[in-house]
Amino acid sequence: MQSLNETLSRRGIDGDLHALIQTLAQCAGEISTLVRGGALSGVLGATESENVQGETQKKLDVIANDLIKNALAAQPLVKGLASEEEDDVVPANAEGRFLVSFDPLDGSSNIDINSLVGTIFSVLPAPTGAVDESAFLQPGANQVAACYMLYGPATVMALTTGDGTLMFTLDPNSGEFLLVEERVRIPEDTAEFAINMSNQRFWQPAMQSYIADCLKGKEGQRGKNFNMRWIAAMVGDVHRVLSRGGLFTYPQDTKNPAKPFKLRLMYEANPMSFLVEQAGGVASTGYERIMAIQPDGIHQRVAVILGSKNEVNTCLGYHG
Ligand code: AHG
Ligand code: MN
Ligand code: MN
């Protein structure tokens with residue numbers, strides 16, 4: 001089996017980007033070891049601090065953030081970074097070619113119950129000039145690479161550099177990511193959806209109707225029975241979609257009128273949309289392609305509907 005390193009060389013990936021991806025993979029290897037140790041690694045439980053989004057930080061949110069931040073700051077190719085756990089953009093190396101946005105630990109609420117968590121990265125080209133927030137405010141279509149690492153029964157990495165989506169598995173013996181699938185394809189049709197049903201009464205009418213029709217099953221207008229899955233970590237749900245298809249959504253809701261959307265554009269929605277589109281899927285807010293959005297802040301949130309092409313398009317049909 002080919003290692004990540006061999007795969008990137010064979011594909012002729014730009015040397016700088018190659019080196020950066022290796023750094024990201026190395027960070028994930030270290031986080032994976034901590035996750036696997038659980039209580040023995042001292043990574044469970046919460047801190048007393050809150051991040052800029054007003055969420056209590058878990059110990060592992062902070063540990064993973066610091067680990068990645070230090071690794072990227074030491075990487076001359078990185079001009080700046082933006083993280084879910086950093087209030088502001090962090091400048092790195094003035095000569096760097098890339099900007100990296102990341103969610104150091106996705107699915108933090110799962111860590112203490114020994115369930116799925118992961119890390120998400122988005123790589124953008126660095127514009128000339130100073131690194132401030134405006135440098136990061138580029139549409140997702142500008143991304144030069146995106147990946148997630150899922151710390152599950154196996155640690156896996158899904159990666160795209162704009163030429164398909166590749167899947168790797170971390171070999172616990174060598175500590176290297178090995179290529180297991182070169183061209184991931186999301187089946188176009190599915191009978192499986194993922195949504196936090198507890199928010200049902202807060203959704204917009206379009207999502208209410210779409211899910212209601214799925215729930216009517218064979219007897220309803222969809223004419224088939226649907227299955228439901230919800231991991232509460234976007235990495236886990238998107239990994240299932242890449243593995244066997246499905247529709248994943250975190251739609252707009254009115255639960256907290258000050259916060260109509262849950263998922264963050266720069267380090268959740270955009271990189272996942274890139275991976276999904278490169279595997280033949282669709283990623284939309286309901287009204288526009290996620291990767292076409294012109295961002296207005298590094299912590300901006302958006303509605304997300306992604307997955308199997310025909311099913312997402314059916315859902316978009318309800319949005320008019
Ligand atoms: P994070 O742990 O990085 O804050 O992200 C969690 C996100 C996302 O991964 C998941 O789909 C969603 O929050 C789950 O939220 P709820 O359980 O509140 O619905
Ligand atoms: Mn997250
Ligand atoms: Mn997170």
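Which residues coordinate the manganese ion (ligand 2)? Select this ion to start: Asp103 (OD), Asp106 (OD) and Glu268 (OE) coordinate it at 1.9 to 2.1 Å. Donors here are N, O and S atoms within 2.8 Å of the metal (3.2 Å for Na, K and Ca); water is not among the atoms, so sites may look incomplete.

This is a predicted model, in which local features need pLDDT of at least 70, side-chain atom pairs count only at pLDDT 80 or more, and totals for chains, interfaces and linings use all residues. Residues are numbered from 1 along each chain as its sequence is written, chains are lettered from A and ligands numbered from 1 in the order in which they are written, and side-chain values use heavy atoms, with hydrogens and water left out.

Stay on ligand 2. Along the chain, the donors of this manganese ion follow the spacing D-x2-D-x161-E. Asp106 sits in strand E5 (residues 98-106) and Glu268 in helix H7 (residues 265-278), so the pair links distant parts of the chain, 162 residues apart. Helices (H or I, at least four residues) and strands (E, at least two) are DSSP runs, numbered from the N terminus. Asp106 and Glu268 are both buried. Buried means under 20% relative accessible area, exposed over 50%, partly exposed in between (1.4 Å probe, protein chains only).

Next, select Asp103. It bridges the manganese ions ligand 2 and ligand 3, which lie 3.7 Å apart.

Move to ligand 3. Glu84 (OE), Asp103 (OD) and Leu105 (O) coordinate this manganese ion at 2.1 to 2.2 Å. Its donors show the spacing E-x18-D-x1-L. Asp103 and Leu105 are both buried.

Last stop: Ala212, in helix H5 (residues 205-215). Ala212 counts as partly exposed because its relative accessibility is 29%.
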